[in-house]
Every structure is written in C-alpha cells, then in structure tokens.
Amino acid sequence: LVGCSHSDVQGDALAWLRARIHPEDHATRRQIVRKLLSGQLRRAHVQLRVRHKQGHAVWVQEALRAFHRNGAAAPVRLIGVVQDISALKARETELEALALELEARVERRTLALKEARREAERANAAKSEFLSHMSHELRTPLNAVIGFAQLLEMAALPPEEAQHVREVMTAGRHLLQLID
C-alpha cells in the first residue's frame, strides 16, 4: 500500500508504521486503539493518511478488532485489515468541490432572480406612475370636451349638428371608460 517492502522496515515494525501515519491522524487512531485495548470497543474502523515511499499520502481504512483469549477481560492483541481508500477519498473531495460549486451557482442564480424581481417591481412602479400621470393628463382636457359638448347638447341645434354633438359625447364617454 505504501510502496515499501520488508527490507524497507527498519527496527520495530509497529514504530516504523506509526512514523508513516500523518501527524494530524495520530490522535484519532490513538484514541480508537485505547478504546479497543480498554474493552470499550470490540471493533472499530479508522481512516487515516499514511506516507508512501515516494512521499505522497495514501488514504487507508483500518478495520481493527480486539482479540480476547478464553473470555479474558483485557484483549490479548489487536488484529486488523488495512484497505487503500485513496480513490474513494479523491471522489469525496471531488464531490465536495462540485457541491460547493453548485451552492455558489445557486447563490448566484438566487441573487440574479432577486435583482430581476427588483427590476420588475421598479418597472411595474414606473408603469403605474406613468399610467396615473397619463390618466390625469388625458382626463382633464377630455372633461373639458365633454363639458362643452353637454352645453352644446342643451342648446337648440339643428338636427345634424345635434347628432354630431351626441357622437362627441358618446366618444368622450367611451374614452373616459378606457381611461378608468
């Protein structure tokens, strides 16, 4: 797993192996081994980094078990299996990076949608203000036209001119309905 052969192991094999464990992973492994040796745990898994012969870190998972002889309270020894999980850790790292990127994209999209909503609200407010002003600007002269048409309607006019006044009144009322 770490690119070493038996001839690379110098002195005590356990001490040699411990020296290859990444410094940040020592405490976690030590705590689990203590719990196994004290009988608090019977089995445990620990993930840690081990230095390869070429210098890079290899992620491994140790599956450890306390071995008891004849039902003794204290374990006689620990036995375990070590598996290379570097590919799994690389995928986890990649997945975490993708998740962060996705979160950033969602945040950017959310901000863009909020800005679009604010812009739509500003446009709607501008439209409402424009319609309010236009309504007022159109209503004032139209009321004057309708008012004079009503005065003309009350006057004695020849039938043809009276019909023209009625058409002005009908058109004026129609325009007022549109403005309303």
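So, the hairpin: β1 and β2 form one, with five residues between them, and Gly 55 in the turn has a positive phi of about 105 degrees. Strands here are DSSP runs of E, at least two residues, and helices are runs of H or I, at least four, all numbered from the N terminus. Before I go on, this is a predicted model, where local features need pLDDT of at least 70, side-chain atom pairs count only at 80 or more, and totals for chains, interfaces and linings use all residues. Residues are numbered from 1 along each chain as its sequence is written, and side-chain values use heavy atoms, with hydrogens and water left out.

Back to those strands. β1 and β2 run antiparallel, joined by nine bridges; two strands pair if DSSP finds at least two bridges between them. Along the pair, Arg 43 stands opposite Arg 65 in β2, and Arg 51 stands opposite Ala 57 in β2.

Now zoom out to the sheet. It's open, three strands, ordered β1-β2-β3, with antiparallel pairing. β1 and β3 stand at the edges with a single partner strand each, so one side of each has no neighbour in the sheet.

What about the largest pocket? Its volume is about 810 Å³. A pocket here is an open set of points on a 1 Å grid over the protein atoms alone, where a 1.4 Å probe fits, with protein on both sides within 12 Å along at least five of seven lines; lining residues have an atom within 4 Å of a point. The volume is the space filled by probe spheres set on the points, which are joined across faces, edges and corners. Of the 28 lining residues, the closest to the centre are Leu 14, Leu 17, Arg 18, Arg 29 and Glu 62. Which element gives the most to that lining? That's α2, with six residues.

Last one: Lys 89 lies over the face of Trp 59, 4.5 Å from the ring centre (the cut-offs are NZ of Lys or CZ of Arg within 6 Å of the centre and within 35 degrees of the ring normal).
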